[in-house]
Amino acid sequence: MGTSAGLAGGAFALAYFVLFPTSAPKPFSLTATASPSTNPAAGTAASGGTLAGTWKIGSGSQVGYRVREKLVFLPAQSDAVGRTSEVTGSLTVATSGRTTKVASASFSAAVNTLKSDRSMRDDRIHTIGLESDKYPTATFKLVKPFTFPQNA
């Protein structure tokens, strides 16, 4: 009886993922009309085409994950996507002539607030995948300034 129930559950899961894929949100993208926000008190505002200044994460920004789901050996027809808007941070850009340098950057995301379209997936991400119950925040910090190559 246990084997039959296991096979039936497996067949249902296979049919569910193959026949009824989820509709994952589109991947993140940048738009040409986006206007960055700067902190005038911390540096030069981005105007006239210069990037110099301190740039902060704007409202409405999101971070997340996108993973192609697999059921045993068969890929599902959609991606598992989780997102959160609980992200903060900034980066500081300096320019000198034609040289552009990222002097500092630090970003933090509350990964324990990531949400997908499936609560069961979210529970697994919290306990097994990202272990966000144990590590609720992901922080990314630039350890060494870098300079963009000059345009020819």
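These legends accompany several close-up views of a predicted model. Residues are numbered from 1 along each chain as its sequence is written, and side-chain values use heavy atoms, with hydrogens and water left out. Because the model is predicted, local features need pLDDT of at least 70 and side-chain atom pairs count only at pLDDT 80 or more, while totals for chains, interfaces and linings use all residues.

**View 1. The whole chain, for orientation.** Welcome to the fold: the chain has 2 helices and 7 strands, where helices (H or I, at least four residues) and strands (E, at least two) are DSSP runs numbered from the N terminus. Along the sequence, they follow the pattern α-β-β-β-β-β-α-β-β. Of the 152 residues, 20% count as buried; buried means under 20% relative accessible area, exposed over 50%, and partly exposed in between (1.4 Å probe, protein chains only). Among contacts with a separation of 6 or more, 58% join residues 24 or more positions apart, a contact being heavy atoms within 4.5 Å.

View 2. Arg-66, Arg-68 and Asp-79 are linked in a network of salt bridges, each bridge being a side-chain nitrogen of Lys or Arg within 4 Å of a carboxyl oxygen of Asp or Glu. By this rule the structure has 3 salt bridges. Asp-79 pairs with Arg-66, with the closest N and O atoms 3.3 Å apart. Asp-79 lies in strand S3 (residues 74–84) and Arg-66 in strand S2 (residues 63–71), so this pair ties together parts that are 13 residues apart in sequence. For the bridge between Arg-68 and Asp-79, the closest N and O atoms are 2.8 Å apart; here, too, S2 is linked to S3, the two residues being 11 apart. Asp-79 is buried at 17% relative accessibility, whereas Arg-66 is partly exposed at 32% and Arg-68 is partly exposed at 47%.

**View 3. Helix H2 and its buried face.** Within H2 (residues 119–129), the buried residues are Arg-121, Asp-122, Ile-125 and His-126. Seen down the axis of H2, they fall within an arc of 140°, so they line one face of the helix; the arc is that of the directions from the helix axis to the C-beta atoms. Turn to the other side of H2 and you will find Met-120 and Arg-124 exposed. Arg-121, buried at 12%, meets Asp-117 in a salt bridge (2.7 Å, N to O); Asp-117 is partly exposed at 46%. After H2 comes Glu-131, with a positive phi near 55°.

View 4. Thr-54 sits in strand S1 (residues 53–56) and is buried, at 7% relative accessibility. The side chains of Thr-54 and Thr-92 are joined by a polar contact of 3.3 Å (a pair of N or O atoms within 3.5 Å; within protein, one must be able to donate a hydrogen and the other to accept it, and residues adjacent in sequence count only if both atoms are side-chain atoms). Thr-88, in strand S4 (residues 87–96), is exposed at 51%. Leaving aside neighbours within four places in sequence, Thr-88 is in contact with Ile-57, Ser-106, Phe-107 and Ser-108.
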